[in-house]
Amino acid sequence: MTSRRAASAAQGRLMEHIDRVVAANGVAGGLRPALRSALQDCPRHLFVDRYQLGPMGAVLDAAIGRPEDHYDLIYQDIALGHVDSAGRALPSTNSPPSTSLYFLERLDLRPGQTVLEVGCGSGWTLALIARAVGPSGHAVGVEVIPELAEQAKRALAGAGITNATVFAADGAEGVPAKAPFDRVIFTTSIWSLPVTFFGQVGNGARLVAPFQIRGPGVDVLALDRDVSGEFRAAWATSSFFVRGTGGLAAEAPLPQPLSSMTMWAELANQVVFRVPMPLGTLGSATARGSLFGACTMAFRSYLTKTEPDMRVFAAEHDDLLPPFVVLGDPTSAMHIAGFGIVDEARRSLAICYPGEMVGYGNPSAAHRLLAAYRAWTDLMMPGVEAFDLVLRKTPRASAPPAGAWTETRGETTFVWSLKTDWPRASRLGAG
Ligand SMILES: C[S@@+](CC[C@H](N)C(=O)[O-])C[C@H]1O[C@@H](n2cnc3c(N)ncnc32)[C@H](O)[C@@H]1O
């Protein structure tokens, strides 16, 4: 088989798989025609140089050996870690194809649009955007790692794409020179939306972004800009994503080991409360390590929105299992020791560990955490897809609207409320 035919066969199998994934996630009929033909026109292998399949995996070079020897890997639905010319892993990946395409489906691309991708890596998603908006549209990418921005420019030229521009810069500033944008997609996770983006999109624009929750995981949201200048959620799901760096680095603290907290030395032996908690229980076993991070995403997402004193604790070095991290993001270990509420004023601490909740110092933090857990289960354990969101610039003085949770993250304020049709608003029906 020629290398061209091998690529097209691998690409065809990938397309079928992506169709199944997006259809299973509520996109009736699978990928829209513009994205299908974009995928056909933008072979993924053109955007992969040196790559790695896992944080501990060998470094592979697509230029070594026959091109088709790499296609079985490159056309799998997995993230490929980028590796620099000296063989070092970069904090960046070519995202799993079904993730990129599913998010592009939710971005609702139309011919003629001007679209910004923040975190364009080696340019594959940008190429798909450029093809989907057609010759009358324009795709603008910004990438903070200059070596990758250069690779993206080369790859886009190699794929014959002329309606895309790549900037090697920090995407926290957006790209004012190319604004206004009809669509913006962040393909790196963020804690808050820099206010500059409120000025770089017009009314009716859509923005898709993975917003970090505390600890591993993200709330991915499609947000529409309305006439009042605010963004409103049109669709949401949960996922995992590489964290933004530079100006997009999270203002929220990363998980720290319990031992790094000054109160821990005083409270570690003052257990005052201990109750079983089914979070992360798998039959008779308990989801330890990375599974605990994954199993607790919905509750941690809820606590991130509703409990300002919520904290996540990193695994101590000596109970580390083999690492399970978001490829390309060494800070993203999904293995967490626990999470809970830290009440410094009352010298009280409550932590959900796999299978139980433990209170330290005095029971006040444990009562709060238990009340939050009861409230969450009474609400039918909502994940992010159960919430409406209004995202606005942080007002000088704000009174939270009744029945909503207000969360201020830097320059942006998130006003969350449960969808009126929850729990009937199922994940598959959303969007
Ligand atoms: C998951 S990778 C991007 C994947 C790319 N969209 C693709 O599918 O090939 C995330 C990218 O965001 C970039 N990034 C992180 N912080 C950034 C920032 N502040 N400005 C611009 N790019 C950033 C990273 O360097 C990385 O290349």
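Good morning. In this protein, residues 24 or more positions apart account for 66% of the contacts with a separation of 6 or more. Please bear in mind that the model is predicted.

Let me continue with the overall fold. The protein contains eleven helices and 22 strands. Its radius of gyration is 22 Å, close to the 22 Å that the globule rule gives for 431 residues, so the protein is as compact as a globular protein of that length. The C-alpha trace spans about 70 × 50 × 40 Å along its principal axes. Of the 431 residues, 54% count as buried. The protein exposes about 18,200 Å², and carbon and sulfur atoms supply 55% of that area.

I now turn to the ligand. Which residues come nearest to the ligand? Of the 24 residues around it, they are Ser-92, Glu-117, Glu-143, Gly-171 and Thr-245. By class, this shell has nine nonpolar, twelve polar and three charged residues. Strand 4, residues 89-94, and strand 6, residues 138-143, each supply at least two residues of the shell. Strand 4 gives the most, with four residues.

An N or O atom in the side chain of Glu-117 is 2.6 Å from a nitrogen atom of the ligand. The backbone also takes part: a polar backbone atom of Val-144 lies 3.2 Å from a nitrogen atom of the ligand, and a backbone N or O atom of Ser-95 lies 3.3 Å from an oxygen atom of the ligand. How much of the ligand does the protein bury? Taken alone, the ligand exposes 600 Å², and the protein buries 99% of that.

Thank you for your attention.

Note on methods:
Residues are numbered from 1 along each chain as its sequence is written. This is a predicted model: local features need pLDDT of at least 70, side-chain atom pairs count only at pLDDT 80 or more; totals for chains, interfaces and linings use all residues. Side-chain values use heavy atoms; hydrogens and water are left out. A residue is near a molecule or strand if one of its heavy atoms lies within 4 Å of it. A polar contact is a pair of N or O atoms within 3.5 Å; within protein, one must be able to donate a hydrogen and the other to accept it, and residues adjacent in sequence count only if both atoms are side-chain atoms. Accessible areas come from the Shrake-Rupley method with a 1.4 Å probe; for residues, only the protein chains shown count as cover. Ala, Val, Leu, Ile, Met, Phe, Trp, Tyr, Cys and Pro count as nonpolar, Asp, Glu, Lys and Arg as charged, and the others, Gly among them, as polar. The radius of gyration is taken over C-alpha atoms; the globule rule is 2.2 Å times the number of residues to the power 0.38. Buried means under 20% relative accessible area, exposed over 50%, partly exposed in between (1.4 Å probe, protein chains only). Contact means heavy atoms within 4.5 Å.
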